[in-house]
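Let's take a friendly walk through this chain. Have the sequence and the 3D view open as you read.

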Amino acid sequence: MRTFLSPSDLGDLQTAFREAQDIKANRFRYDTLGRNKTALLIFFNNSLRTRLSTQKAAMNLGMNVIVLDVNQGAWKLETERGVVMDGDKSEHLLEAIPVMGSYCDVIGVRSFARFENREDDYTEQILRQFIQYSGRPVFSMESATVHPLQAFADFITIEEHKRTARPKVVLTWAPHPKALPQAVPNSFAEWMVAAGYDLTIAHPEGYELSEQFTQGARITHNQDEALEGADFVYAKNWSAYATLNYGKVLSKDMSWTISSEKMALTNDAAFMHCLPVRRNMIVTDEVIESPRSLVIPEAANREISATVVLKRMLEAL
Ligand code: CP
């Protein structure tokens with residue numbers, strides 16, 4: 001595997017799930033595969049789970065790991081070609097990428113949407129430059145439009161906890177004080193459809209996601225109706241995708257917060273969120289602390305999803 005952005009990069013998802021279970025049973029089973037290989041993890045944005053779980057995954061496979069926080073200690077990077085570099089950015093990404101590639105065997109990149117230009121974000125400008133110029137396999141650690149390591153972990157978690165072959169999964173928008181990217185809901189929708197689940201997406205008007213990711217899902221503006229009979233409730237905030245409002249917060253409607261009353265509409269659903277979460281904005285204390293909350297096992301599965309992805313990349317070197 002040379003790139004990891006979407007479920008199709010993994011091939012058959014049930015095979016990937018079995019591989020994940022095999023690794024979970026003994027996460028050091030492949031601890032010589034990465035001997036003398038180096039993973040470079042590059043963060044343009046903050047992280048807790050991705051940073052720790054991906055490092056742990058690389059260590060499970062016997063790899064060396066280098067972590068670079070681009071905005072803390074490295075030269076400020078220019079990303080646009082043709083710019084007269086007379087400002088505060090000392091180095092261009094087009095030199096920095098091949099240099100970084102020369103020190104490692106695989107590269108993970110975290111680079112969020114900037115909300116300056118929807119086309120730049122949705123063509124994954126930064127990640128694509130790493131793929132083109134590094135000469136190394138590249139995986140997204142949440143890039144402008146996708147968060148596949150998270151969605152793979154979400155898929156593993158649902159497979160582990162589902163009570164029916166084809167569960168009803170609801171992805172619901174919930175309020176948040178700041179503008180957040182669409183990467184998590186995009187990938188979650190894409191992976192849930194690829195997994196063959198019964199997916200409903202609920203959001204207020206104006207929060208339609210790109211059809212590139214939601215084809216195959218039922219979409220509604222009525223959260224209560226969506227929650228009826230749900231087996232899994234995945235709450236997440238995202239900002240607007242539509243051209244005129246791209247990256248904007250259109251609503252902070254607290255009636256969309258996931259509460260015990262909302263969960264009572266479901267089929268005793270499990271609650272999921274990728275974390276970090278704003279309590280009592282996205283979800284109440286009561287729901288996230290309830291026995292039906294999967295947020296901790298879901299986060300723990302990030303180590304497993306990253307181990308599978310790095311293993312596949314090492315096997316293809
Ligand atoms: N879910 C997730 O990616 O968490 P971090 O932003 O902390 O890495």
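Predicted model: local features only at pLDDT ≥ 70, side-chain atom pairs only at ≥ 80, totals over all residues.

## The open sheet

Start with the five strands that make up an open sheet, paired in parallel in the order E1-E7-E6-E2-E3.

Helix H5 (residues 125-133) lies across E1, E2, E6 and strand E7 (138-140), and the helix runs at about 165 degrees to E7.

Next, turn to helix H12 (residues 295-315), where you will find Lys311. Is Lys311 buried or exposed? Its relative accessibility is 6%, and the cut-off for buried is under 20%, so Lys311 counts as buried.

What does Lys311 meet there? Beyond its neighbours within four places in sequence, Lys311 is in contact with Glu19, Ile23, Tyr30, Leu33 and Leu61. With Tyr30 there is a further detail: the charged end of Lys311 sits over the Tyr30 ring, 4.7 Å from its centre. The Lys311 side chain also makes a polar contact of 2.9 Å with the side chain of Glu315.

## Aromatic pairs

The model has 11 aromatic pairs. One of them is Phe152 with Trp191, a stacked pair with 5.6 Å from centre to centre and 25 degrees between the planes. This pair links distant parts of the chain, since Phe152 belongs to helix H6 (residues 148-161) and Trp191 to helix H7 (residues 183-195), 39 residues apart. Both Phe152 and Trp191 are buried.

Trp173 and Trp256 meet in another way: their ring centres are 6.0 Å apart and their planes lie at 85 degrees, so this pair is edge-to-face. Here, too, distant parts of the chain are linked, with Trp173 in strand E8 (residues 168-173) and Trp256 in the loop between strand E11 (232-236) and helix H10 (260-263), 83 residues apart. Trp173 is buried at a relative accessible area of 0%, and Trp256 counts as buried at 7%.

## A ring cluster

Finally, have a look at Phe115, Tyr122, Tyr241 and Tyr246, which ring pairs link into a cluster. Over the ring of Tyr241 sits the charged end of Arg118, 4.0 Å from the ring centre.

Technical notes. Residues numbered from 1 in each chain as written. Heavy atoms only, no water. Pairing = 2+ DSSP bridges. Helix = DSSP H or I, 4+ residues; strand = E, 2+ residues; numbered from the N terminus. Contact = heavy atoms within 4.5 Å. Axes fitted to C-alpha atoms, helices over the stretch in contact; angles between N-to-C directions. Buried < 20%, exposed > 50% of the residue type's maximum accessible area, 1.4 Å probe, protein only. Polar contact = N/O pair within 3.5 Å; in protein donor to acceptor, adjacent residues only side chain to side chain. Phe/Tyr/Trp six-rings, centres within 6.5 Å; stacked < 30°, edge-to-face > 60°. Lys NZ or Arg CZ within 6 Å of the ring centre and 35° of its normal.
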